[in-house]
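These are my notebook entries on a single protein model. I set down what I looked up, entry by entry.

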Amino acid sequence: MFKAAFMVAKVIALIADGPGPSQFDVKKFLSQLAKSMQSVVKKPFSRSKKLSSNAHTGFQKVDEAESQISDAPSTWYVDCIYKILHLLDQVENMPYEELREKEESAGLRHTVAVPFACRAIDTVPTALWNFAIRWKTPRECLTWATHAGGDTTTIVSILGSFLGALHGPSWISKSWFETLNNGIHGRDYILETALQLFTVYR
């Protein structure tokens with residue numbers, strides 16, 4: 001979970017520091033990401049003992065919950081990058097049905113809900129895959145990701161941060177946020193916070 005959060009942050013940083021969409025090379029980017037992730041997290045992140053709850057396991061310590069919901073190897077975050085790189089070479093101009101089968105067999109599309117509502121080993125690779133295959137058309141990219149299965153809310157949220165780091169906000173249709181709730185922490189607050197974060201990063 002903590003490695004996944006670091007990986008998402010690393011993806012955003014690499015994209016934001018990159019050449020922009022006109023010169024973006026997705027395979028070069030993925031290779032850089034894999035190299036970067038291989039050299040990180042030699043030992044577990046230190047953290048306090050917190051409680052985790054979900055419908056399947058009830059309340060328990062985070063470590064106990066993680067051991068039950070995931071049997072993924074500790075290198076899953078690197079393995080998924082190489083899996084995506086390998087898959088990219090196979091799926092160019094592939095018919096939709098065949099592409100869908102490839103995605104499902106690779107664990108990058110989920111026909112049924114995953115056991116845990118928001119597992120990093122499911123959401124992060126799926127978001128990264130959708131970015132890798134459709135980064136040139138951000139609106140289409142987000143729309144396709146909503147059909148990926150599993151925890152699509154989290155997948156699309158992560159994917160949106162990747163696309164925003166690459167393309168900025170100009171591609172986002174006003175109709176997507178004009179109807180959002182605008183209470184104390186509503187639409188305007190979110191937009192202002194996003195702009196402040198972008199300014200701080202730059």
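**Entry 1: Trp 129**

I began with the contacts of Trp 129: setting aside neighbours within four places in sequence, Trp 129 is in contact with Ile 84, Leu 87, Leu 88, Val 91, Leu 99, Glu 103 and Leu 108. I note here that the model is predicted. Trp 129 is placed in helix 6. Is Trp 129 buried or exposed? With a relative accessibility of 0%, Trp 129 counts as buried. I also looked up a pair separated in sequence: Trp 129 and Leu 88 stand 41 residues apart along the chain, and their C-alpha atoms are 8.9 Å apart.

**Entry 2: other residues of helix 6**

I stayed with helix 6, where Thr 126 is also found. Thr 126 has a relative accessible area of 0% and is buried. Which residues does Thr 126 contact, leaving aside its neighbours within four places in sequence? I listed Gly 107, Leu 108, His 110, Ala 148 and Ile 155.

Ala 120 lies in helix 6 as well, a helix that spans residues 120-134. Because the cut-off for buried is under 20% relative accessible area, Ala 120 at 18% counts as buried. Ala 120 and Tyr 77 are 43 positions apart in sequence, with 9.4 Å between their C-alpha atoms.

**Entry 3: the chain as a whole**

I then stepped back to the protein chain, which has nine helices and two strands. Read from the N terminus, its elements run α-α-β-β-α-α-α-α-α-α-α. Of its 202 residues, 37% count as buried. Among contacts in the chain with a separation of 6 or more, I noted that 66% join residues 24 or more positions apart.

In soluble globular proteins, nonpolar side chains tend to be buried together.

Not counting residues up to four places away in sequence, Met 7 touches Leu 33, Met 37, Tyr 77, Cys 80, Ile 81, Val 124 and Leu 128.

**Entry 4: cysteines**

Cys 80, one of the residues that Met 7 touches, is buried at a relative accessible area of 6%. Cys 141 is buried too, at 0%. How many disulfides does a search of the whole structure find? The search returns zero disulfides.

**Entry 5: the largest cavity**

Rolling a probe the size of a water molecule over the atoms shows where empty space is left. I searched the whole structure for cavities of 30 Å³ or more, and there is one. The largest cavity holds about 40 Å³ of space. I recorded its lining as Glu 103, Leu 108, Arg 109, Trp 129, Asn 130, Arg 134, Trp 144 and Ala 148. Helix 6 supplies the largest share of that lining, three residues. By class, the lining of this cavity has four nonpolar residues, one polar and three charged.

**Entry 6: the largest pocket**

How much space lies in the largest pocket? I noted about 1,300 Å³. The pocket is lined by 27 residues, and those nearest its centre are Gly 160, Ser 161, Gly 164, Ile 172 and Ala 194. Helix 1 (2-16), helix 8 (152-167) and helix 9 (187-201) each supply at least two residues of the lining. The lining of the pocket divides into 19 nonpolar residues, six polar and two charged.

**Entry 7: Asn 93**

Most residues other than glycine have a negative phi. I looked up Asn 93, which is not a glycine and yet has a positive phi of about 60°. Where is Asn 93 placed? Asn 93 is in the loop between helix 4 and helix 5 (96-105).

Definitions and conventions:
Residues numbered from 1 in each chain as written. Predicted model: local features only at pLDDT ≥ 70, side-chain atom pairs only at ≥ 80, totals over all residues. Heavy atoms only, no water. 1 Å grid on protein atoms, 1.4 Å probe; cavity = no way out; pocket = protein on both sides within 12 Å on 5 of 7 lines; lining within 4 Å. Points joined across faces, edges and corners; volume = space filled by probe spheres on them. Helix = DSSP H or I, 4+ residues; strand = E, 2+ residues; numbered from the N terminus. Nonpolar A, V, L, I, M, F, W, Y, C, P; charged D, E, K, R; others polar. Disulfide = S-S within 2.5 Å. Buried < 20%, exposed > 50% of the residue type's maximum accessible area, 1.4 Å probe, protein only. Contact = heavy atoms within 4.5 Å.
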